Amino acid sequence: MRGHPNPAALRELNLLQAATRELPSEILSLIFEDSIFLNCREPDEDKRWESELPVVQVLGAVCSTWRQVAWSTPALWTDIEIDFKSSDIRPQACLMKLYLENSGELPLSLSLAYEEDMTYPVAQTTLVHPLVDKLIEEALWRVVSLHLSYPPSLSLWLYHASEMASLDRLWIYESRLTRDFELDLSNFSSLSVLDMWGVSGDVILPWNSITRLFLSQIPTEVCAQLLSQCPNLERFEMDSPVFPVEEIEPPALPNVVILPHLETLTWESAGTEWDALVLRCVQTPALQSLWWMEDPFVDNLNPHLATFLQRLPTSFRSLKIKNNSPNGFPLFFLPSNVETETMEFGTFGFSPNVFSSILFPLKHRGDPQSSWPFPKLKQLSIHSYPAWEGPTELPVDARSTIDLVTTMALRAAALGQIVTLQVFGLTLNWDLALFPGPLYGGENLILRVGEDQVVPLWYQQLVPHARLSWSD
């Protein structure tokens, strides 16, 4: 009958409750900590908590025992993420107060996200809110990670920088600052990772402590200066640069800027003298990965890129180049002792000679020591980005497809190793009348095509034993 509980369901529920109630508080606390850890790192959104409430509040709402354990487990309160979706920030300030009080003296990760187009009168003269500012000031020494999105004011955070001696990672997503605002972060003495978006003025850093820089929507001249002044950089990524408001002459930098620890360099060119300055002056004796992106409105690669490539060290392993008309000419400038393992070429749109221009140096770099240059090459990716008003995927004719696939299959067979060929934004077409098979070396070639990275049906027919999964 409707309205009456199911006896079997009640018995099962009681058994579950009895099992959890018998767990010692210490064990339950460890389980809660693991649940927080796994949820924060779960890449599949379908498997994350569906509630908009923080996980610790969900746990505390189950029963009084769970609430008591959750409220007395400081590790559950150290990751503070607050979204200020209203100009009235008092409710979020109360929640933040609860986190600070329950986190004990453990290191804190603090993320404050404001709305870009909203004003917050109270927060313009406080760190967050008078209700919680005193607790924040007392906890600044524990903050190891700080994320500020469109903060109403940065001044007070900068004022307290010397008190944040443990701060290791800082994110600033900013659009409220004017170009003449100088962002002085030099008092964050332990800062090693900085991620900035939309900061347009000059930036001063604790130069020697910075090891990772991630810059987006930053003027090109600021990016170049930051790159050249951080001697201990290990990773530098810059994209979507902002063009200078007015033409600015590059500074008189030293003829050589050596970054001895830099392993990863990503640079999106704006077609200015600052890009050429970086290629001419910066030397990277430990570089392992380079991703160079040209201005999509510029047909040719920066001529100084060849000089930069000629200086690459033997540690170099990954090359990615994106421009309006890609070709393999940069490969001719790689030193013969550089054993590149992954290559990626990106283009806007597609023309048949793209494949041949990339394949030619892979066959004939002019190295007499090997019939196949780059014998360590494990992965080749060709990515066609859609034109401004074009289709998302472009068809490739059969002759170009055959040339690409047969060349890479022969290479895999000759070197006796697995080679992966990835093609994004393109649809490869095969004509069995032109090449009916068999495809020598096809078993050693992993082919993935399109945005969904699937194996074409014609390839499965052509190579019955083709590798169909990444784990093969």
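**Notes on the predicted model**

1. The chain has 13 helices and 20 strands, and the coordinates should be read as those of a predicted model. Of the 472 residues of the chain, 46% count as buried. Among the contacts in the chain with a separation of 6 or more, 65% are between residues 24 or more positions apart.

2. Helix H11, which spans residues 353-363, has as its buried residues Val354, Phe355, Ile358, Leu359, Pro361 and Leu362. These residues lie on the same side of H11, because they cover an arc of only 165° around the axis. The elements against which the buried residues of H11 pack are strand S15 (342-348), strand S16 (379-385), strand S17 (394-396), helix H12 (398-415) and strand S19 (426-428).

3. H11 and H12 pack with their axes 10 Å apart and at an angle of about 20°, and since angles under 35 degrees count as roughly parallel, H11 is roughly parallel to H12. The crossing of H11 and H12 is left-handed. On the H11 side the contact is made by Phe355, Ser356, Leu359, Leu362 and Lys363, and on the H12 side by Ser400, Asp403, Leu404, Thr407, Met408 and Arg411. Sorted by class, the contact of H11 with H12 has five nonpolar, three polar and three charged residues.

4. The crossing of H5 and H6 is left-handed. From H5 the contact involves Arg90, Ala93, Cys94, Met96, Lys97, Leu100 and Glu101, while H6 contributes Leu131, Val132, Leu135, Ile136 and Ala139. By class, the contact of H5 with H6 has nine nonpolar and three charged residues, and no polar ones.

5. Is helix H8 (residues 220-229) largely enclosed or largely open? Eight of the 10 residues of H8 are buried, so this helix is largely enclosed by the rest of the structure. The buried residues in H8 are Thr220, Glu221, Val222, Cys223, Ala224, Leu226, Leu227 and Ser228.

6. Trp66 is found in helix H4, which covers residues 64-71. With a relative accessible area of 18%, Trp66 is buried, because the cut-off for that class is under 20%. The C-alpha atoms of Trp66 and Ser25 are separated by 8.7 Å, although these two residues are 41 residues apart along the chain.

7. Two residues deserve a look at their backbone angles. Most residues other than glycine have a negative phi. Ser240, which is not a glycine, has a positive phi of about 50°, and Ser240 lies in the loop between strand S9 (235-239) and strand S10 (257-258). Its relative accessible area is 30%, so Ser240 is partly exposed.

8. Gln453 likewise has a positive phi of about 50° although it is not a glycine. Gln453 lies in the loop between strand S20 (445-449) and helix H13 (457-462). Is Gln453 buried or exposed? Gln453 counts as buried, because its relative accessibility is 16%.

Terms used. Residues numbered from 1 in each chain as written. Predicted model: local features only at pLDDT ≥ 70, side-chain atom pairs only at ≥ 80, totals over all residues. Heavy atoms only, no water. Buried < 20%, exposed > 50% of the residue type's maximum accessible area, 1.4 Å probe, protein only. Helix = DSSP H or I, 4+ residues; strand = E, 2+ residues; numbered from the N terminus. Arc of directions from axis to C-beta. Contact = heavy atoms within 4.5 Å. Axes fitted to C-alpha atoms, helices over the stretch in contact; angles between N-to-C directions. Parallel < 35°, antiparallel > 145°, perpendicular 65-115°, else oblique. Left-handed = near helix turned anticlockwise from the far one by under 90°. Nonpolar A, V, L, I, M, F, W, Y, C, P; charged D, E, K, R; others polar.
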